[in-house]
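Here is a short report on side-chain contacts in one protein model.

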Amino acid sequence: MKIGILTFHSQLNYGGVLQCWALKTALEGMGHEVIVIDRWQDACQASLRGEWSARGFKARVKNLLRMLGGCGVANAYVRAWRTMRFVKALGLSSYHFVDWKDAPRELGVDLVVVGSDQVWHCGDFNDPSVYLLDGAPDVRAISYAASFGLRTIPDAFIASYQRGLARFAAISCREKEGVDL
């Protein structure tokens, strides 16, 4: 079976990237063909590229001067470079997108596995609709150790969570609050 993993793979968070790699490796060990769906959190990949996402000549010169001045920017560049190299080695899909409206209508997978991490958290840093498959092509889906990171779902989001979670054939949560929700 061809499986697509949808998670926070493109971020400067070694734990999130390693969780993605571990899930991919485990599924491949079971005999599946696995790709990581290359969903970016923002158009310029600032969450992955960090300081490298600076746009324009002026911003890049400023970062270079900060690096030469010993302001710790060099470590940030090295960390981003190493993480980007590792992310590219995950086996990403040939397409990438930020929002489902920009994704291909055929994902090229038989099943999407959503998780782990706080993919269903509706806080300041995340829009859970992408991970609730709101607007996604019609493909079978399950979750693996997904997390809400919430004790209650805000009233404004209840309907979208109900619609989204109904798309999943199986859901596993990694905390008791998630099971209760």
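A residue counts as buried when its relative accessible area is under 20%. Trp 120, with a relative accessible area of 0%, is therefore buried. The model is predicted.

**Aromatic contacts**

The structure holds six aromatic pairs. One of them joins Phe 8 and Tyr 131. Their geometry is edge-to-face, with 5.2 Å centre to centre and 80° between the planes. Phe 8 sits in the loop between β1 (2-6) and α1 (14-29), and Tyr 131 in the loop between β4 and β5, so this pair ties together parts that are 123 residues apart in sequence. Both partners are covered: Phe 8 is buried at 5% relative accessible area, and Tyr 131 is buried at 0%.

Trp 120 and Phe 168 form another edge-to-face pair. Here the centres are 5.5 Å apart and the planes make an angle of 70°. Trp 120 belongs to the loop between β4 and β5, while Phe 168 belongs to the loop between α5 (158-165) and α6 (176-180), so the contact links parts that are 48 residues apart in sequence. Phe 168 has a relative accessible area of 9%, which means that this residue is buried. Trp 120 and Phe 168 also belong to one aromatic cluster, together with Phe 148 and Tyr 161.

**His 121**

Where does His 121 lie? Its place is the loop between β4 (111-114) and β5 (140-143). His 121 is buried, with a relative accessible area of 12%. Its side chain reaches two backbone oxygens: that of Phe 148 at 3.1 Å and that of Gly 149 at 3.3 Å. Phe 148 is also one of the members of the aromatic cluster.

**A nonpolar surface patch**

Tyr 14, Leu 18, Trp 21 and Phe 86 make up a nonpolar patch on the surface. Together they have about 390 Å² of accessible area. Helix α1 gives the most to this patch, with three residues. Leu 18 is found in α1. Its relative accessibility is 44%, so Leu 18 counts as partly exposed.

**Salt bridges**

Side chains of opposite charge can pair when their charged atoms come close. The structure holds five salt bridges, including those tabulated here.

| Salt bridge | N to O distance |
|---|---|
| Lys 2 and Glu 33 | 3.6 Å |
| Lys 24 and Glu 28 | 2.5 Å |
| Asp 180 and Lys 176 | 3.0 Å |

Lys 2 is in β1 and Glu 33 in β2 (residues 33-39), so the pair ties together parts that are 31 residues apart in sequence. Lys 2 is partly exposed at 24% relative accessibility. Glu 33 is partly exposed too, at 47%.

Lys 24 and Glu 28 pair within helix α1. They are four residues apart, so about one helical turn separates them. Lys 24 is buried, with a relative accessible area of 10%, whereas Glu 28 is partly exposed at 35%.

Asp 180 and Lys 176 both lie in helix α6.

Notes
Residues are numbered from 1 along each chain as its sequence is written. Side-chain values use heavy atoms; hydrogens and water are left out. Helices (H or I, at least four residues) and strands (E, at least two) are DSSP runs, numbered from the N terminus. Buried means under 20% relative accessible area, exposed over 50%, partly exposed in between (1.4 Å probe, protein chains only). A polar contact is a pair of N or O atoms within 3.5 Å; within protein, one must be able to donate a hydrogen and the other to accept it, and residues adjacent in sequence count only if both atoms are side-chain atoms. Rings of Phe, Tyr and Trp (its six-membered ring) pair if their centres lie within 6.5 Å; planes under 30 degrees apart count as stacked, over 60 as edge-to-face and the rest as tilted. Patches are made of residues with over 30% relative accessible area and no salt bridge: like charges are joined within 9 Å, nonpolar side chains (Val, Leu, Ile, Met, Phe, Trp, Tyr) within 5 Å. Accessible areas come from the Shrake-Rupley method with a 1.4 Å probe; for residues, only the protein chains shown count as cover. A salt bridge is a side-chain nitrogen of Lys or Arg within 4 Å of a carboxyl oxygen of Asp or Glu.
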